[in-house]
There are 2 protein chains.
Amino acid sequence: MDHLVEKTIGQEKIFSGKVIDVYVEDVLLPNGQTSKREIVKHPGAVAVLAVTDEEKIVLVRQYRKALDRVLVEIPAGKLEKGEEPIATARRELEEETGYACKVMRPLHSFYTSPGFADELVHVFLAEQLVKKNEEQALDEDEFVDVLEVTLDEALQLIERKEIYDAKTIYAIQYWQLKKALGDLK
Amino acid sequence: MDHLVEKTIGQEKIFSGKVIDVYVEDVLLPNGQTSKREIVKHPGAVAVLAVTDEEKIVLVRQYRKALDRVLVEIPAGKLEKGEEPIATARRELEEETGYACKVMRPLHSFYTSPGFADELVHVFLAEQLVKKNEEQALDEDEFVDVLEVTLDEALQLIERKEIYDAKTIYAIQYWQLKKALGDLK
C-alpha cells in the first residue's frame, strides 16, 4: 500500500475542545509533492438499535446545534475514557430512554467521516428490553424526547427526513434486512 | 419542539480551512442554562454505489490521513459550490474509476456526524456502467486504487474491516437488501 500512504511531516494543533480537537498536518504525498490535511479528532461513540418485545424501535428526538434542527435518531453517546463500548451502550440506552436490556450485541462499527474525522461509531442491537426508570437521567445540557415506532413508521420518518443521519438510517436498514433474511449473525 | 431547541447567543470562528471551518457557539439551553457547542462546517459530499452489468461493485482503496490507514470505500467526493449532487456523483465516479453510467439515481442522503458536524452525504446508485477512460483523472493530491468485487467479497471486506466507514457499509447493506427484497424504490 506504499503507493497510497501519506507521511506526516508537520502538525499544528488548531483547537482543543470539550468534544473535538482539530489539527492541520503537512503531508508528503506518494508522488513526492506536499499537501495539507485538516483533521478532527473525536473520542468515538456508541449507538443502540433497541427493539422492544412488541418489535417497536426506540428512538430519541433531539436538537442538533450543528444542523440547527431537531433530528430523530437511535440513542447514542460519546465514549468515556477507559469505558468499553458495550458498557457505554448500556449506560446511554438507560440514561436516554430508561430501558435496560437483557441482550446487547455488536452489529457494525464504522468511521463516520473518514475524509476529515476519526470518529468511530460502534452500533449495538439491544433486545429483551426492561423499563428500569420512568424518568430519564440525562446530562445537564441534554434534552431528549423518547418515541417508540414500528419499522413502517421508522421508514416514514426516513422518507420525511426526520430520521436523517447515517447511523440511524443504517440501523433501520439493518432491521429491515434482518426481517427480510431472518437472523443475520 | 421549543422544549428541545438551543438558541445561539454567541459564535466564535476558530478555523477556516480548505475543507472544513470550525466554530464554537454559546447556546441558551431549553432550561435557561448556557453551554458551548463545537461545530465543524463541511461543504457536503456525494458517494456512489456503482454496480457493473456483471453485478460487481466498484470500490476505491485510498489512504485516509485522519485514520492513518488505508480504507476501501465506495467512490465519493466533496460537493463543489453550485454543483448539483447528481452532477458531482457523475464527475467523481468518472474521475476516480473511469466509469460513466447510463442510470444514476439517489438512494438516501444523511448527516454523517450530527453531534458535531453538518456534513451531508448524498448516496447514489449507478448502473449500466460504461468504461470511458482507462486512466483515472484524479485531483493532484489524490491517490486511489480501483477494485471490483462481488457482494460476497464486499461482505468479507467489511468482516476484515478493510471496508470500515458508514456510507460504504450502508451502501453494501442497501445492495444486500435490494437483492433480498427485489427492487426497493
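**Exercise 1.** How do the residues of the lining of the largest pocket divide into nonpolar, polar and charged?

*Solution.* Begin with the space itself, which in this predicted model has a volume of about 1100 Å³. Next, take the 48 residues that line the largest pocket, of which Val19(A), Arg64(A), Lys78(A), Arg37(B) and Gly115(B) are the closest to its centre. Sorting the lining by class then gives 17 nonpolar, ten polar and 21 charged residues.

**Exercise 2.** Determine which strands and helices each supply at least two residues of the lining of the largest pocket, and which of them gives the largest share.

*Solution.* The largest share, six residues, comes from S3(B).

**Exercise 3.** Describe the second largest pocket by its volume, its lining and the elements that supply that lining.

*Solution.* The volume comes to about 840 Å³. Of the 39 residues that line this second largest pocket, Arg37(A), Gly115(A), Gln62(B), Arg64(B) and Lys78(B) are the closest to its centre. Strand S3 (34–41) of chain A supplies at least two lining residues, as does each of strands S4 (45–51), S5 (57–64) and S7 (76–78) and helix H1 (85–97) of chain B. By class, the lining has 13 nonpolar, seven polar and 19 charged residues.

**Exercise 4.** Locate the Nudix box that UniProt lists for chain A, and describe the span.

*Solution.* An unreviewed UniProt entry lists this short sequence motif at residues 77–99 of chain A. The span is 57% helix and 13% strand, and its end C-alpha atoms lie 15 Å apart.

Technical notes:
Residues are numbered from 1 along each chain as its sequence is written. Chains are lettered from A and ligands numbered from 1 in the order in which they are written. This is a predicted model: local features need pLDDT of at least 70, side-chain atom pairs count only at pLDDT 80 or more; totals for chains, interfaces and linings use all residues. Side-chain values use heavy atoms; hydrogens and water are left out. On a 1 Å grid over the protein atoms alone, a cavity is a set of points where a 1.4 Å probe fits but cannot get out, and a pocket is an open set with protein on both sides within 12 Å along at least five of seven lines; lining residues have an atom within 4 Å of a point. Grid points are joined across faces, edges and corners, and a volume is the space filled by probe spheres set on the points. Helices (H or I, at least four residues) and strands (E, at least two) are DSSP runs, numbered from the N terminus. Ala, Val, Leu, Ile, Met, Phe, Trp, Tyr, Cys and Pro count as nonpolar, Asp, Glu, Lys and Arg as charged, and the others, Gly among them, as polar. UniProt positions are given in the numbering used here, feature names are shortened, and annotations may be inferred rather than shown by experiment.
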